[in-house]
Amino acid sequence: MPFTPFQNQAYTDFGKPENAQAMRDAIAKVRAEAGKEYPLIINGERITTNEKFQSINPSKKDEVLGVFQKGTPELVDKAVEAAARAFESWKRTRPETRAVVLQRAAEIMKRRRHELSATMVLEAGKNWAEADADTAEAIDFLEFYAREMLRYSQPQPLTAIPSEFNEYFYIPLGVGAIIPPWNFPLAILCGMSSAAVVTGNTIVLKPSSDTPLIAYKYVEIMEEAGVPPGVINFLTGPGSKVGDPLVLHPKTRFIAFTGSMEVGLRINELAAKKSEGQIWIKRVIAEMGGKDTIIIDEDIYSFDEAVSGVVTSAFGYQGQKCSACSRLIIHQKLYEDFAEAVIEKTKALKVGPAEENPNMGPVIGSGAFSSISEYIEIGKREGKLATGGTYDDSVGFFIQPTVFLDVPETARIYQEEIFGPVLAVSKANDFDDALRMANNSIYGLTGSVYSRNRWHLERAREDFHVGNLYFNRKCTGALVDVHPFGGFNMSGTDSKAGGRDYLLLFLQGKSVSERLL
Ligand code: NAP
């Protein structure tokens with residue numbers, strides 16, 4: 001292996017004064033550049049449009065971080081055509097060269113680590129540790145997929161037969177539409193884009209309209225690392241306007257999407273329609289929502305650790321993780337005591353501007369703020385409000401961490417993805433009941449079981465139907481190549497980002513057989 005073995009990046013210890021100071025300096029540096037205008041990038045060309053939109057700081061909604069261009073269907077066409085032209089040479093680039101480009105990008109990200117994290121503190125409302133973990137994961141994706149590409153480029157094993165020389169190898173697909181969400185605005189965007197590019201595809205990257213600034217920085221880094229013009233085309237603009245033309249374009253060969261179920265299903269449906277001139281079935285990789293459950297059994301190892309695990313899973317990054325715990329199911333024997341401890345710990349969480357590094361920052365924007373506050377009002381009718389339940393968007397989009405008790409399985413707050421700091425707590429009669437309740441969902445992304453009972457854990461291993469199941473630990477915080485990540489059912493196509501099958505989604509196998517005469 002020409003690279004050192006893959007290792008996950010360590011997190012920054014902000015308890016050390018020098019690291020805390022470095023982060024404060026980085027935030028000041030990003031802030032000093034606020035308000036700049038950023039172009040689209042098509043075939044390396046910087047393009048501006050008549051219509052613009054702003055990226056704002058959700059902690060301080062009047063602060064404009066950047067001005068971005070609204071793409072148009074014509075520019076979508078230009079971007080896909082540029083990517084299609086670049087594909088002809090990029091697909092012939094040696095896999096080793098593409099891997100080196102990713103590794104160089106990882107080195108640049110390591111040098112700019114605090115600046116990238118600071119950008120997410122300001123643009124996505126992440127506290128320092130959440131932002132730092134996002135940057136660390138992005139670096140992990142680059143380093144892991146670089147190494148994975150080398151593995152996939154090796155001759156693949158076959159059974160030999162006499163008189164033939166047989167080969168099986170992987171080739172790229174073509175032009176991909178990459179459509180990531182805002183909640184891991186660097187890690188997920190970088191993972192999806194870099195996997196597509198390292199395998200020899202070219203892409204049109206349409207970032208979330210909530211986090212275009214960090215997306216722009218990713219593209220700059222990839223350019224600096226050596227990605228040629230046309231390989232990554234950067235197209236900002238509302239998904240509702242540029243999404244359809246991008247998905248429907250006849251030269252789009254695949255779509256990698258991470259976001260809500262509604263948008264994912266729409267993309268899947270549109271991609272299935274054959275456009276004029278299209279000569280393939282489009283491949284859709286869609287990672288969607290979650291309604292993730294933690295089960296607390298009657299007998300657990302550490303009460304305090306379990307309480308911390310639940311509160312971290314439910315309220316880390318304001319509950320805006322697809323893996324966030326939004327349902328807590330407690331065995332009736334522990335119900336009152338455990339719920340009380342969760343409520344106490346939740347009450348101690350500090351909510352405030354992300355740059356001040358509180359436990360919880362704001363939610364991402366006005367749309368999320370209205371939708372989550374609406375769910376809180378619904379929850380007040382469906383369950384018993386135990387803490388939180390208040391919200392204030394006068395300065396930024398702040399919502400207090402909210403816990404509802406005695407939530408029935410039929411409740412909307414039990415069934416629907418809220419994607420905010422709202423936890424529904426329900427009581428189970430016994431472990432079987434808890435497992436049945438946990439599986440009562442259209443989603444199947446993450447879940448966790450706290451139990452001392454080996455047989456209960458073994459039952460959950462088989463029957464808790466989620467893509468990422470954890471025992472005696474929180475249900476968030478998947479690490480690259482440690483916990484390959486992706487869900488079942490309406491949580492998506494189970495693509496397992498950060499796993500060893502992932503690059504295959506961006507490749508197709510070619511079998512060549514020569515008769516030896
Ligand atoms: P979203 O509203 O579905 O948006 C995701 C992306 O799709 C954005 O770039 C968005 O662009 C774009 N988009 C919107 N409408 C589109 C359309 N008609 N055609 C094509 N693209 C369109 O989701 P989000 O709010 O960003 O992210 C939160 C969701 O992501 C949650 O449901 C969460 O569970 C899920 N998620 C899942 C995973 C996983 O691995 N399963 C990981 C992270 C997040 P605009 O911003 O311009 O609208």
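Which residue has a polar side-chain atom 2.6 Å from an oxygen atom of the ligand?

## Basis of the model

This is a predicted model, in which local features need pLDDT of at least 70, side-chain atom pairs count only at pLDDT 80 or more, and totals for chains, interfaces and linings use all residues. Residues are numbered from 1 along each chain as its sequence is written, and side-chain values use heavy atoms, with hydrogens and water left out.

## The ligand and its shell

The residue is Glu417, whose polar side-chain atom lies 2.6 Å from a ligand oxygen atom. An N or O atom in the side chain of Ser209 is 2.5 Å from an oxygen atom of the ligand, while a polar backbone atom of Met288 is 2.7 Å from a ligand nitrogen atom.

On its own, the ligand has 900 Å² of accessible area (Shrake-Rupley method, 1.4 Å probe), and the protein covers 87% of this area. Two or more residues of the shell come from each of helix H8 (239-248), strand E10 (252-258) and helix H9 (261-271); helices are DSSP runs of H or I with at least four residues, and strands are runs of E with at least two, numbered from the N terminus.

## Helices H3 and H6

The axes of helix H3 (residues 95-111) and helix H6 (residues 187-198) come within 9 Å and cross at roughly 155°. Axes are lines fitted to C-alpha atoms over the stretch in contact, and angles run from 0 to 180 degrees between N-to-C directions. H3 is therefore roughly antiparallel to H6 (an angle over 145 degrees).

Note on methods. Parallel < 35°, antiparallel > 145°, perpendicular 65-115°, else oblique. Polar contact = N/O pair within 3.5 Å; in protein donor to acceptor, adjacent residues only side chain to side chain.
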